[in-house]
Amino acid sequence: MSALLAYFKPDTSTASGTLLAPARWRPLEILFWLFALSLFWLAPSKVLLLNEIAILALFALSLDLILGYAGIVSLGHAAFFGLGAYVAGLLGKHGLHDPIAGLLIAGAVAALLGFVTSFLVLRGTDLTKLMVTLGVALILRELANKFSNITGGADGLTGVTMGPVLGLFEFDIFGKTAYAYSLAVLFILFYIARRLVNSPYGLLLRAIKGNALRTGAMGIPTDLRLVTIYTIAAAYAGIAGALLAQTTQFVSLDVLEFHRSADVMLVLVLGGSGQLWGAVIGAIAFKFMYDWLADITPQYWLFWVGLVLVLTVLFGRGGLIGFYQTGRDWLARRFKTGGAQ
Amino acid sequence: MTAVLETQNLRKAFGGLIATNDVSFSLPAGARHALIGPNGAGKTTLVNLLTGVLQPTAGRILLQGHDITGLPSYKRVKLGLARTFQINQLFPDLTPLQTIVLAIAQREDAATGWWRPIGGRRDLVDEAEALLLQLGLIDVRDQRTATIAYGKQRLLEIAVALAGKPAVLLLDEPAAGVPETERHQILDVIAALPASVTLVLIEHDMQLVFRFAKTISVLVNGGLFVEGPAAEIARDPRVKKVYLGEEVVDV
């Protein structure tokens with residue numbers, strides 16, 4: 001018991017303790033995952049929405065790895081999401097019905113595209129990056145549209161059939177298996193990303209984002225290190241797209257549209273970039289906001305989204321996670337001074 | 001005796017402007033060398049050529065006998081050539097501890113580990129702490145670099161370079177912009193650097209130059225004007241005329 005308490009209260013007086021502290025799981029994090037799992041039983045009527053949230057969170061996590069940690073801006077992240085979706089959809093349509101295998105292949109194909117395009121993206125300024133990423137996504141969208149004999153074009157890709165997950169769990173029309181499946185994938189990839197961002201490589205990425213001139217002068221081959229994270233992030237986005245294709249058993253051109261790239265950026269800004277939880281919290285907030293606003297003002301919901309975005313960027317640069325942390329620190333300080341007097 | 005750092009007929013032209021003109025020098029291990037010259041003499045260009053930011057038009061650069069002329073910056077660092085910048089180039093969001101641990105991890109080829117948490121390698125963390133202590137940065141160990149005093153940031157700039165255990169350290173105006181009250185800290189740190197590190201000081205401040213440099217090269221219009229022991233340079237009437245003269249008037 002005391003060992004457990006000691007785990008949650010890392011010793012921040014020593015140097016290695018300070019460095020290791022962020023890698024420790026906080027109780028709230030564990031509670032979050034337990035709560036997300038419990039929704040499977042607590043809110044069975046909402047699992048379709050929850051599935052979408054899990055997929056969006058994974059997509060945002062992917063963008064966070066390159067934007068929030070490594071500082072690579074992108075306006076075309078949907079390229080990898082869409083590619084993953086089409087690969088998974090086509091596999092499901094043409095004979096490979098195992099979801100996990102489809103997921104891995106979709107991730108690998110997206111990673112390959114990420115690796116190849118990284119060499120285009122990594123040259124030049126932020127504006128160049130924005131334009132190149134946007135361009136790559138536009139090209140992919142038009143290719144998907146043009147080769148309609150393969151992709152189904154504007155009508156979408158139908159006839160995607162999926163076998164049971166792990167050979168055990170059939171997809172059902174209520175989306176219960178879908179949610180459990182997406183949540184499990186999100187958790188595993190979140191865990192891996194969490195290891196990564198707290199590792200030496202994670203710190204190296206933040207250093208590059210902070211000052212690439214200095215990392216070069218430290219002997220770090222900056223571009224090479226960015227190629228790696230861009231490839232990993234592409235795989236993450238591809239897997240997110242594959243999840244959407246597999247759980248909805250349908251792929252449309254929508255997965256490659258510009259608004260997907262823009263939405264995921266919005267999600268990350270809303271939640272707080274440079275923090276893995278920002279991606280998850282942002283996805284939840286965005287989806288609920290969408291759901292709720294589309295209900296009360298179906299035509300003007302984008303107005304409210306715009307307003308929230310402007311307010312977040314102007315007043316809460318760390319997004320919702322930033323608000324939470326500021327609030328927590330403020331309370332901690334108040335509590336401390338109150339206790340001392 | 002082989003030179004630690006050597007240039008052979010180094011030349012850099014930007015169109016018609018010759019910024020570095022046929023510069024050849026050779027530094028023995030443990031040298032305390034200063035590179036001085038009036039504004040526009042080509043000091044910055046020479047530093048950029050040495051560190052690989054710029055490619056020379058002609059000539060060669062040798063580091064411990066290796067030809068490094070065509071190597072990118074980061075590979076030169078790996079071979080033992082470190083530098084500090086005239087304007088701080090640090091990581092504003094990281095703490096000094098994180099910065100130094102990363103620099104040491106990079107030196108030890110441990111900076112690409114992506115599974116085990118940073119701070120897990122006790123030997124690296126201990127070394128980082130010792131370095132922070134040595135440079136008087138231990139009191140700001142866990143503060144964001146952006147929030148620490150400017151003088152401390154200058155020290156961190158030197159600490160990052162030292163963390164790579166370089167054979168040659170280029171110090172580009174190490175005390176630039178530091179308030180008078182904090183200057184002695186930086187001077188003490190430079191004075192305490194081990195003889196195993198060859199120092200090249202690029203400096204404007206004559207007080208600093210004559211305190212540390214045993215040998216001096218004077219650059220004028222991109223070319224080597226004179227070089228020799230510090231005491232001789234200080235007496236040289238030609239140097240006084242092109243360079244020191246204005247300094248003395250300024251003081």
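**Entry 1**

I started at B:Thr7 and found it standing opposite B:Ile61, which belongs to strand 4 of chain B. This is a predicted model, so everything I note here is computed. Next I looked up how the two strands go together: strand 1 (residues 5–14) and strand 4 (residues 58–63) of chain B pair in the antiparallel sense, over 5 bridges.

I then followed the rest of the sheet. It is an open sheet of 4 strands in chain B, ordered 2-1-4-5, with antiparallel pairing. Strand 2 (17–27) and strand 5 (66–67) of chain B are at the edges with a single partner strand each, so one side of each has no neighbour in the sheet. I also checked what packs on this sheet, and it's helix 1 (residues 43–51) of chain B, which touches strand 1, strand 2 and strand 4. The direction of helix 1 makes about 60° with that of strand 2 of chain B.

**Entry 2: strand 3 of chain B**

Is strand 3 (residues 32–36) of chain B mostly covered or mostly uncovered? I found it mostly covered, with 5 of its 5 residues buried. I looked at which way they point: B:Arg32, B:Ala34 and B:Ile36 go one way from the strand, B:His33 and B:Leu35 go the other way, and all are buried.

Strand 3 of chain B has parallel pairing with strand 8 (residues 198–202) of chain B, over 4 bridges. There, B:Ala34 is opposite B:Leu201. Strand 3 also pairs in the parallel sense with strand 9 (residues 215–220) of chain B, again over 4 bridges. In that pairing I found B:Leu35 opposite B:Ser217.

**Entry 3: helix 5 of chain B**

At 1.5 Å a residue, its 14 residues should span 20 Å, and its end C-alpha atoms are 20 Å apart, which agrees.

How many of the 14 residues of helix 5 of chain B are buried? I got 12, so I'd call this helix mostly covered, taking 20 or more other C-beta atoms within 10 Å as the cut-off for buried. Among the buried ones are B:Lys152, B:Arg154 and B:Glu157, along with B:Leu155 and B:Ile158. The cover over the buried residues includes strand 6 (81–83), helix 3 (96–107), helix 4, strand 7 (168–172) and helix 6 (180–191) of chain B. After helix 5 of chain B comes B:Lys165, with a positive phi near 45°.

**Entry 4: B:Leu124**

B:Leu124 sits in helix 4 (residues 122–134) of chain B. Why does B:Leu124 count as buried? It has 25 other C-beta atoms within 10 Å, and 20 or more is enough. Leaving out residues up to four places away in sequence, B:Leu124 touches B:Val101, B:Ile104, B:Ala105, B:Glu108 and B:Ala110.

**Entry 5: where the chains touch**

Last, I looked between the chains. I found 26 residues of chain A in contact with 37 residues of chain B. On the chain A side, helix 2 (15–20), helix 9 (176–197), helix 10 (200–210) and helix 11 (212–217) each supply at least two residues. Helix 10 of chain A gives the most, with 7 residues. I also sorted this side of chain A by type: 15 nonpolar, 8 polar and 3 charged.

One residue of helix 10 of chain A that I looked up is A:Leu205. A:Leu205 is buried, with 26 other C-beta atoms within 10 Å. Not counting residues up to four places away in sequence, A:Leu205 touches A:Tyr69, A:Ala70 and A:Ile229.

Methods:
Residues numbered from 1 in each chain as written. Chains lettered and ligands numbered in written order. Predicted model: local features only at pLDDT ≥ 70, side-chain atom pairs only at ≥ 80, totals over all residues. Contact = placed C-beta atoms within 7 Å. Pairing = 2+ DSSP bridges. Axes fitted to C-alpha atoms, helices over the stretch in contact; angles between N-to-C directions. Nonpolar A, V, L, I, M, F, W, Y, C, P; charged D, E, K, R; others polar. Expected span 1.5 Å × (residues − 1).
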